[in-house]
Amino acid sequence: MDQTRNPSPSNNSSKISSSSRLLVLQSHLSTQKPTMASEKEAALAAAALPADSPTIFDKIINKEIPANVVYEDDKVLAFRDINPQAPIHILLIPKVKDGLSGVSKAEERHIEILGRLLYTAKLVAKQEGLEDGFRLVINDGPSGCQSVYHLHIHLLGGRQMNWPPG
């Protein structure tokens, strides 16, 4: 019997968890630009996962899935977003999550890595030729449209940004 069509009450929670994970993965692996609704759905689905769930970023850090890496040191990894929202769209992530799934989870022990991420964003922006300016974005929580719960900074540039954003 196909359980996705006729779910029994006992497998409902695993079905929800599986569908949530699928939505999150699809939103990050799709080569098509998602609609705003699917980004919101992915963010809500990701928020429903356990806080310590492995993320797509863990797989990129562990070289289990490929990424177009533009910068790497012992603390930070920066790579091109597969669904760019600007001519230059790079994600910067800490290589060790250490409970830092989002800015709202930051603690005093995270001060060094938070500063390191911002400084690295400046280095990568210069490397990418963004002398005229760029934007840094951090989505936090479901209402902030965060769909991967591993702190990450979006570095956007190569075009005129508008205000207000989203």
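**Contacts and local geometry in a predicted chain**

In this predicted model, T120 touches Y71, V76 and L92, leaving out residues up to four places away in sequence; a contact means heavy atoms within 4.5 Å. Residues are numbered from 1 along each chain as its sequence is written, and side-chain values use heavy atoms, without hydrogens and water. Because the model is predicted, local features need pLDDT of at least 70 and side-chain atom pairs count only at pLDDT 80 or more, whereas totals for chains, interfaces and linings use all residues.

T120 belongs to helix α4, residues 111–127. Helices (H or I, at least four residues) and strands (E, at least two) are DSSP runs, numbered from the N terminus. With a relative accessible area of 1%, T120 is buried; the term buried stands for under 20% relative accessible area, exposed for over 50%, and partly exposed for values in between (1.4 Å probe, protein chains only). The side chain of T120 also has a polar atom 2.7 Å from the backbone oxygen of R116. A polar contact is a pair of N or O atoms within 3.5 Å; within protein, one must be able to donate a hydrogen and the other to accept it, and residues adjacent in sequence count only if both atoms are side-chain atoms.

The chain as a whole contains four helices and five strands. Read from the N terminus, the elements follow the order α-α-α-β-β-β-α-β-β. Of the 166 residues, 36% count as buried. Among contacts between residues at least 6 apart in sequence, 60% join residues at least 24 apart. The accessible surface comes to about 10100 Å², and 55% of this area belongs to carbon and sulfur atoms; accessible areas come from the Shrake-Rupley method with a 1.4 Å probe, and for residues only the protein chains shown count as cover.

Strands β1 (residues 69–72) and β2 (residues 76–80) pair in the antiparallel sense over three bridges, where pairing requires that DSSP finds at least two bridges between two strands. A hairpin of three residues joins β1 to β2. Y71, one of the residues in contact with T120, has A78 as its bridge partner in β2.

One aromatic pair is counted in the model. The rings of F57 and F79 have centres 5.8 Å apart and planes at 70 degrees, so the pair is edge-to-face. The rule considers rings of Phe, Tyr and Trp (its six-membered ring) and pairs them if their centres lie within 6.5 Å; planes under 30 degrees apart count as stacked, over 60 as edge-to-face and the rest as tilted. The pair links distant parts of the chain, with F57 in helix α3 and F79 in strand β2, 22 residues apart. Both F57 and F79 are buried.

The UniProt record, in an unreviewed entry, places the feature "active site" at H152; UniProt positions are given in the numbering used here, feature names are shortened, and annotations may be inferred rather than shown by experiment. H152 is located in the loop between β4 (135–137) and β5 (153–157). Its relative accessible area is 5%, so H152 is buried. Apart from neighbours within four places in sequence, H152 is in contact with F57, L91, L92, I93, V137, I138 and Q146.

The C-alpha atom of H150 is separated by 9.5 Å from that of D52, although the two residues are 98 residues apart along the chain. D52 is in the loop between α2 (36–47) and α3 (56–61). At a relative accessible area of 69%, D52 is exposed.

Some backbone features call for separate description. Most residues other than glycine have a negative phi, and most peptide bonds are trans. D98 is not a glycine, yet has a positive phi of about 50 degrees. The position of D98 is in the loop between β3 (88–94) and α4, and its relative accessibility of 38% makes D98 partly exposed. C145, also not a glycine, has a positive phi of about 65 degrees and is found in the loop between β4 and β5. A cis peptide bond, with omega about 0 degrees, joins W163 and P164. P164 is in the segment after β5.
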